[in-house]
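I opened this notebook to record what I looked up in one protein model. The entries go from the whole chain to single residues.

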Amino acid sequence: MFLGRKVRLYPTKRRCIQFSRYAGTTRFVWNESLALCEAYYKQKRAERDAIQLATYNLELLVGTPAKEAMNIAKREIRGYKVMLNEAELKAHWRELRNTTHPWLWDVPEAVTARAIKDLLKAYQKAFKNQR
């Protein structure tokens, strides 16, 4: 089974600086996107918990007739999105590239896209076993 190939590079000074810039940008995008995802998750999780608490209180107050309302709320909770997706993160970074972080124009957009994909893949692996 062929898994990969090692290649020795002899980059020029200019290329070394470029590789360093790419690695730094990847690290920056990863960390900032992670912070953004965590903040979004905490906010949406709090909203979801509030909905759950409200439906639980409704069931306690009204009793059996509240079953239909409870079922509607449970369906709403099941479909509640608590994670940012790739398109939303890419749009966020495009906006930052045009406003507050113009230095991102110095690196290809594929660098930020790869960091976002890797982050979301790690998030999916982390949440996969929590069900």
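The entries below cover confidence, fold, cavity and selected residues.

**Entry 1. Basis.** I worked from a predicted model, in which local features need pLDDT of at least 70 and side-chain atom pairs count only at pLDDT 80 or more, while totals for chains, interfaces and linings use all residues. Residues are numbered from 1 along each chain as its sequence is written, and side-chain values use heavy atoms, with hydrogens and water left out.

**Entry 2. Confidence.** I looked up pLDDT, the predictor's confidence in each residue, from 0 to 100. The protein averages 82, and 76% of the residues score at least 70. Confidence is highest in H3, at a mean of 92, and lowest in helix H2 (residues 67–78), at 61.

**Entry 3. Fold.** I counted four helices and zero strands, in the order α-α-α-α from the N terminus. Helices (H or I, at least four residues) and strands (E, at least two) are DSSP runs, numbered from the N terminus. I then took contact to mean heavy atoms within 4.5 Å. Among contacts between residues at least 6 apart in sequence, 73% join residues at least 24 apart. Of the 131 residues, 21% count as buried; buried means under 20% relative accessible area, exposed over 50%, and partly exposed in between (1.4 Å probe, protein chains only).

**Entry 4. Cavity.** I searched the whole structure and found one cavity of 30 Å³ or more. On a 1 Å grid over the protein atoms alone, a cavity is a set of points where a 1.4 Å probe fits but cannot get out, and lining residues have an atom within 4 Å of a point. Grid points are joined across faces, edges and corners, and a volume is the space filled by probe spheres set on the points. The largest cavity holds about 50 Å³. Which residues line the largest cavity? I listed Lys90, Trp93, Arg94, Arg97, Leu104, Glu109, Thr112 and Ile116. Helix H3 (86–98) and helix H4 (109–128) each supply at least two of the lining residues, and H3 gives the largest share, four residues. By class, I noted three nonpolar, one polar and four charged residues in the lining. Ala, Val, Leu, Ile, Met, Phe, Trp, Tyr, Cys and Pro count as nonpolar, Asp, Glu, Lys and Arg as charged, and the others, Gly among them, as polar.

Entry 5. Is Thr25 buried or exposed? Thr25, in helix H1, counts as buried because its relative accessibility is 2%. Leaving aside neighbours within four places in sequence, Thr25 is in contact with Trp103, Leu104, Val107, Val111 and Thr112. A polar atom of the Thr25 side chain lies 2.8 Å from the backbone oxygen of Arg21. Arg21 is also found in helix H1, and at 42% relative accessibility Arg21 counts as partly exposed. The C-alpha atoms of Arg21 and Asp106 are separated by 8.7 Å, although the two residues are 85 apart along the chain.

Entry 6. Glu32 sits in helix H1 (residues 13–62) and is partly exposed, with a relative accessible area of 40%. Its C-alpha atom is 9.8 Å from that of Trp93, 61 residues away along the chain. I placed His101 in the loop between H3 and H4. Not counting residues up to four places away in sequence, His101 touches Phe28, Trp93 and Leu96.

Terms used:
1 Å grid on protein atoms, 1.4 Å probe; cavity = no way out; pocket = protein on both sides within 12 Å on 5 of 7 lines; lining within 4 Å. Polar contact = N/O pair within 3.5 Å; in protein donor to acceptor, adjacent residues only side chain to side chain.
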